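I opened the structure to look up its nonpolar cores and its pockets. My notes follow in the order I checked things.

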Amino acid sequence: MRISRRAFAAAAVLAAVLPLSACSGDSDSDSGSSDASGKVEGKITFQTWNLQANFKDYFNGVIADFRKKYPGTEVKWVDRPAEGYADKISADAAGGTLPDVVNVSPDLVAPLAKAGLALDLDKAAAEYRKEYLPGAWQSHQIPGLQGTYAFPWYLNTGPLFYNKRLFNDAGLDAAKPPRTYDEVFADGLAMARKSNGKIATFANVPTIEDFGRYGVEPMNKSGDGFAFNDAKGVELLTRYKELYDAKALDPQALTATPESAGHKFLTESVSMNPGSALDLANFKKQAPTLYKNIGITDQITSTGKANMYVMGVMVNSRTKQKPAAVAFAHFVTDATRQMEFAKKVAIFPSTAGSLDDPYFTKEDGTDDTRVRIAAAKSLKTAVNYTPVLFSEQMKTALRNEVAKALQGKQSPKEALDNAVKACDQLLKQS
């Protein structure tokens, strides 16, 4: 039940940052200070992640407005492609060429913070904390470190889409989609039986965020080890094994990507798939028959809190222009700029009160607006279930062990024990 990071629209699927050794950035004599007071002036470099192609005018406007507010400043904007973005950040960090202000996600900022290259905003910009949703601000906090290491920027989440026709064909009530895990697993098994295994409910295996939504605590309380192999984690994987055995989980789920899972839903071979308002336009254009039968319901969760994805804007702790860098990072992510950006692409602001704007609350009868309103409501209490320290290598380790359990090569308990062991080892190496 995973929401593809395609839902970010402008940002590609996140890659892993290569572990950073104890690297030293720009040899600024003030690099150890968190003091960002002083006159906002000077030249800084701002790096974004695959945004220039579609939002050039927007960012040029933001930069122009910033320079009007702070005469004597200059902002050089650089945009990096999605492919290799994490590697580029890692190389810049190691080489001392990291830009002053950098577009990051929580998993990208973690190694930078550990290396002392991300400015602690709880010290340098604490006065701005109240401007953001608590969950968004906390998303760039790193277990084992004190502080917050990036301004929260845009958020995303989404509902669960389902195919009403497939539900009706299976004798299920399409007007009453599953709202609990018990219901979704029961409906999945019923649909598989009715279709003789031809129609699956999902096309992807459980990920770390699914364990979080199920109520599993991914990490221990001290933040130095993983804990998703507890009784509740084993229970979830056992239930997925039941789906897999009954062909209620697509046979290709073991190797599926979010994109391939979305294609399965698009071609009506699976009945449910997470997504966002962006997907509705795609359904309408590419699969009008599916679009006519689209049902929209809330994410399934045992915690009462939806999952969210969050992007951030980090300030390089070694910048020679701390006042200007902090001011610009805040300017890009303030309520005014975030609202403007949210109306250009299907993302959501992380600033407190912005989700109460009529744009996110007033119905107009369209499905797009319905999805936007539902997502905005859930984001007020949403959390990022993917631990900041959970790297791409760890995701692969979990996926590999889950696949073995689903195939019957090991028990769900053995699979999760092995996954935790592998992830803990990777954590020690980071």
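For the core entries, I take a nonpolar core to be a set of buried Ala, Val, Leu, Ile, Met, Phe, Trp, Tyr and Cys residues joined through side-chain atoms within 4.5 Å. Buried means under 20% relative accessible area. I note that the model is predicted.

Entry on cores. I looked up the largest nonpolar core and found 124 residues in it. Phe228 and Phe328 have the most contacts inside this core. Helix 13, residues 322-333, gives the most to the core, with 8 residues. I then listed the contacts of Phe228, leaving aside its neighbours within four places in sequence. Among them are Ile208, Phe211, Val216, Glu217, Pro218, Phe390, Leu398 and Cys423. I also found a second, separate core of 15 residues, which includes Val270, Phe283, Leu290 and Ile294.

Entry on the largest pocket. I read its space as about 800 Å³. The lining has 32 residues, and Gln138, Glu217, Val383, Asn384 and Pro387 lie nearest the centre. By class I noted 15 nonpolar, 13 polar and 4 charged residues. Helix 5 (residues 134-138) supplies the largest share of the lining, 4 residues.

Entry on the second largest pocket. I read about 430 Å³ of space here. Of the 21 lining residues, Thr297, Asp298, Gln299, Ala374 and Ser378 are the closest to the centre. Strand 7 (294-297) and helix 15 (367-379) each supply at least two lining residues, and helix 15 gives the most, with 6. I counted the classes as 9 nonpolar, 7 polar and 5 charged.

How values were computed
Residues numbered from 1 in each chain as written. Predicted model: local features only at pLDDT ≥ 70, side-chain atom pairs only at ≥ 80, totals over all residues. Heavy atoms only, no water. 1 Å grid on protein atoms, 1.4 Å probe; cavity = no way out; pocket = protein on both sides within 12 Å on 5 of 7 lines; lining within 4 Å. Points joined across faces, edges and corners; volume = space filled by probe spheres on them. Nonpolar A, V, L, I, M, F, W, Y, C, P; charged D, E, K, R; others polar. Buried < 20%, exposed > 50% of the residue type's maximum accessible area, 1.4 Å probe, protein only. Contact = heavy atoms within 4.5 Å.
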